[in-house]
Amino acid sequence: MVISSTVPRLVIAAPSSGSGKTTVATGLMAAFAERGLAVSPHKAGPDYIDPGYHALATGRPGRNLDAFMCGPDLVAPLFAHGAAGCDLAVVEGVMGLYDGAAGRGELASTAQVAKLLRAPVVLVVDASSQSRSVAALVHGFASFDPQVRLGGVILNKVGSDRHEAMLREALEEAGMPVLGVLRRAPQVATPSRHLGLVPVAERRADALAAVAALADQVRAGCDLDALLALARTAPPLACEPWSPNPAPPGGTPGRSPGELEARGPGRSPGNGAAPHGRPLIAVAGGPAFTFSYAEHAELLRAAGADVVTFDPLNDEALPPGTSGLVIGGGFPEVYAPELSANEPLRAAVAAFAAAGGPVAAECAGLLYLARSLDGKPMCGVLDADARMSERLTLGYREAVAVSDSPLAAAGTRLRGHEFHRTVVEPGSGTSPAWGFTHPERRVEGFVQGNVHASYLHTHWAAQPSVASRFAAAAADFAAAAAHRP
């Protein structure tokens, strides 16, 4: 059913990376949440880390809007799903405003997302080395694409009152409102390493303090009332909100996950099924495995499964009744000694895979399933070894499933994203997971029994059959387990 989303919304963009988008977006989310507004946090692009900070700022799941992985047609529906019932939505952009997928024009750019959401854009400008030239810069960004509505500017790293006055005078001549000024100040403690900010799960107390400091910075330097007024100028967004629930024949999505029955006969607890007959899918979490899209768990639940989280750093066994295992991305290379030291869990994962349990592993999960990581023993499910590398592998990929697996039938086409500084040798098994068709042609990953392991990050909202196929594999494994002596 098509409805009109009237949630006020802003897109926070910048001329380039490093201008202060995350500072401003996260600070705005926290400042508005402190006012009592229900704030829906979003991130353009595939990044997993910034949404963790957004979630801390708002108390709601941070959600990604990626026009490459999910397609432009899903951007507004995914937004409407996440923002339903909220007073305000803030979307943090990716890279520079007009930067998108390499060689694909505006695809997956912040500008495209803003147009698809019919949302006004606030440009965060690093003004540290300019004065009147800021007007030329902003004019260029405002006029480059007339369909992008630039509603104002937040000036970052302003040096003094005099510097601020020169910048304001220049932008007044250009007819561009200044909605905030942030002074040069010691950077709020949000430490980075080889793949960006350190995730929230690894520094929760410090991250809470950092988000509070960002809110203070933004509250002191930005006109929150003017920003909220600008957000309220966004016109109604007519679309059918995305739903994880499958549509009944001839109907529309919307059934509660509780109405869905697990595939196969009811099972008793302890044999791979939840007490009410739904297969139990365990998802790796904790500091070492922090990369996940909120929609994945929603899709699995809607497909008839229960979803629980476990921590491979601390838990010595899989959750009782596990009949499916999802090990997503993160930083196992940082925690290799601790992961290796947890021998009981490594053995449990290996035994589960050997018994035919369905396993979906992405990036960090691939490393964990390998024989070793930087010389430290891992689960040994795959006949491969992993190590850190100086080379960053980064970019969107178009892929086709090479082998049948619990995630996809051979021939299934998906778009995904690679982002890692590790190498797995060999890079693929005798039954590869994916064949990449763009931007390079190669095979990658492993399909071994009911295990699917790959570097490729995918967004299952683009292909809900991935979740339903995996939930069905978990249900089948649970049913078989129920009949074993």
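Q: Which residue does Ile154 stand opposite in strand 8?
A: Ile154 stands opposite Gly180 there. Strands here are DSSP runs of E with at least two residues, helices are runs of H or I with at least four, and both are numbered from the N terminus.

Q: What kind of model is this, and how are residues numbered?
A: It's a predicted model, where local features need pLDDT of at least 70, side-chain atom pairs count only at pLDDT 80 or more, and totals for chains, interfaces and linings use all residues. Residues are numbered from 1 along each chain as its sequence is written, and side-chain values use heavy atoms, with hydrogens and water left out.

Q: Back to strand 8, then. How many bridges join it to strand 7?
A: 4 bridges, and the two strands run parallel. Pairing means that DSSP finds at least two bridges between two strands.

Q: What unit do they make with helix 6?
A: Strand 7, helix 6 (residues 161-173) and strand 8 form a right-handed β-α-β unit. Right-handed means that, with the strands pointing away from the viewer, the path from the first strand over the helix to the second runs clockwise.

Q: What's the strand order in the 7-strand sheet?
A: The order is 4-3-5-2-6-7-8, in an open sheet with parallel pairing. Strand 4 (63-65) and strand 8 (178-183) are the edge strands, each pairing on one side only. On average, neighbouring strands are turned by 25 degrees against each other, direction ignored. Axes are lines fitted to C-alpha atoms, for helices over the stretch in contact, and angles run from 0 to 180 degrees between N-to-C directions.

Q: Which residue in strand 4 is the bridge partner of Ala44?
A: Leu65. Strand 3 (residues 39-44) and strand 4 run parallel, joined by 3 bridges.

Q: And which strands does helix 8 touch?
A: Helix 8 (residues 224-231) packs on the sheet and touches strand 2, strand 5, strand 6, strand 7 (150-158) and strand 8, its direction making about 110 degrees with that of strand 2. Contact means heavy atoms within 4.5 Å.

Q: New topic: what's the order of the 6-strand sheet?
A: That open sheet goes 13-12-14-15-23-22, with mixed pairing. Its edge strands are strand 13 and strand 22 (446-448), and the twist averages 15 degrees from one strand to the next.

Q: Which helix lies across strand 12, strand 14 and strand 15?
A: Helix 13, running at about 145 degrees to strand 14 (322-327). Helix 13 (465-482) is also among the elements covering the buried residues of helix 9, along with strand 4 and helix 3 (75-83).

Q: How many residues of helix 3 are buried?
A: 8 of its 9 residues, so helix 3 is mostly covered. Just after helix 3, Gly85 takes a positive phi of about 80 degrees.

Q: Last one: is Ser372 buried or exposed?
A: Buried, with a relative accessible area of 14%. Ser372 is found in strand 16 (residues 372-373), and a polar contact of 2.5 Å joins its side chain to that of Asp385. A polar contact is a pair of N or O atoms within 3.5 Å; within protein, one must be able to donate a hydrogen and the other to accept it, and residues adjacent in sequence count only if both atoms are side-chain atoms.

How values were computed
Buried means under 20% relative accessible area, exposed over 50%, partly exposed in between (1.4 Å probe, protein chains only).
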